[in-house]
Amino acid sequence: MSMNVGSGGGDASGDPEVVVDINTTPLIDVMLVLLIMLIITIPMQTHAVKLDLPQGNPPPPPVPPQVVTIDVDFDGTISWNGDAVPNEQQLQARFVNASLIPDQPEIHLRPNRLAPYSAVAHVMADAQRLGMTKLGLVGQEQYMGNN
């Protein structure tokens with residue numbers, strides 16, 4: 001009885017067949033070692049951004065602020081708390097008087113939907129130039145949607 005141990009596919013000289021596949025095991029080992037070294041050498045993220053966050057709810061102001069409502073109509077006319085302002089000098093004088101008050105009033109600017117942008121921008125520029133610091137636009141819900 002005999003037993004054939006060879007593959008039988010060898011050439012006539014008796015040399016074994018050459019394996020063409022690449023051995024990827026050493027490559028994977030090297031990549032894992034490099035990955036572990038990279039993870040070890042990266043410093044821990046210990047630095048952080050300092051933020052000054054408010055602590056709790058601030059108390060309400062002792063006195064509610066005075067509110068001045070300025071309306072700009074579709075034709076550019078300006079009214080101060082419902083009273084029409086005849087000219088720009090009067091508007092500027094009212095801004096100066098309001099800016100001299102220690103606790104400045106809040107200016108609520110309420111432009112009409114059809115008001116020219118230049119008139120609204122002019123009122124805002126005058127308020128800023130003359131020392132008003134509390135200025136806000138109100139009534140913006142009229143610009144929402146297609147009415």
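**A buried aspartate and its surroundings**

Analyst: Let's start with Asp126: its relative accessible area is 2%, so this residue is buried. Keep in mind that we're looking at a predicted model.

User: In what order do the elements of the chain run?

Analyst: The chain has three helices and five strands. Read from the N terminus on, their order is α-β-β-β-α-β-α-β.

User: How many aromatic pairs does a search of the whole structure find, and what kind of pair are Trp80 and Phe95?

Analyst: The search turns up one aromatic pair. The ring centres of Trp80 and Phe95 are 5.5 Å apart, and planes over 60 degrees apart count as edge-to-face. Here the planes are at 65 degrees, so the pair is edge-to-face.

User: Which elements do Trp80 and Phe95 belong to, and how many residues apart are they?

Analyst: Trp80 lies in strand 2 (residues 78–80), while Phe95 lies in helix 2 (residues 88–99). The pair links distant parts of the chain, with the two residues 15 residues apart.

User: Are Trp80 and Phe95 buried or exposed?

Analyst: Trp80 has a relative accessibility of 11%, so Trp80 passes. Phe95 comes in at 0%. That makes both Trp80 and Phe95 buried.

User: Which element gives the largest share of the largest nonpolar core?

Analyst: That core has 18 residues, and Ile70, Val72, Trp80, Phe95 and Val123 have the most contacts inside it. Two or more residues each come from strand 1 (67–72), strand 2, helix 2, strand 4 (106–111) and helix 3 (117–129). The largest share is four residues, and the element giving them is helix 3.

User: Is Ala84 buried or exposed?

Analyst: Ala84 has its place in strand 3 (residues 83–85). Leaving out residues up to four places away in sequence, Ala84 touches Ile78 and Ser79. Its relative accessible area is 63%, and the cut-off is over 50%, so Ala84 is exposed.

User: What distance separates the C-alpha atoms of Ala84 and Val72?

Analyst: Along the chain, Ala84 and Val72 are 12 residues apart.

User: Which residues form a nonpolar patch on the surface, and how much accessible area do they have together?

Analyst: The patch is formed by Ile28, Leu32, Leu35, Leu38, Ile39 and Ile42. One of them, Ile28, is found in helix 1 (residues 25–41) and is partly exposed at 47% relative accessible area. Together, the patch residues have an accessible area of about 570 Å².

User: Last one: what percentage of the residues of the chain count as buried?

Analyst: The accessible surface of the chain comes to about 12,100 Å², and 62% of that belongs to carbon and sulfur atoms. The chain has 147 residues, and the part that counts as buried is 18%.

Methods
Residues numbered from 1 in each chain as written. Predicted model: local features only at pLDDT ≥ 70, side-chain atom pairs only at ≥ 80, totals over all residues. Heavy atoms only, no water. Buried < 20%, exposed > 50% of the residue type's maximum accessible area, 1.4 Å probe, protein only. Areas by Shrake-Rupley, 256 points an atom, 1.4 Å probe, with all protein chains shown as cover. Phe/Tyr/Trp six-rings, centres within 6.5 Å; stacked < 30°, edge-to-face > 60°. Core = buried A, V, L, I, M, F, W, Y, C linked by side-chain atoms within 4.5 Å. Contact = heavy atoms within 4.5 Å. Patch = residues over 30% accessible without salt bridge, like charges linked within 9 Å, V, L, I, M, F, W, Y side chains within 5 Å. Salt bridge = Lys/Arg side-chain N within 4 Å of Asp/Glu carboxyl O.
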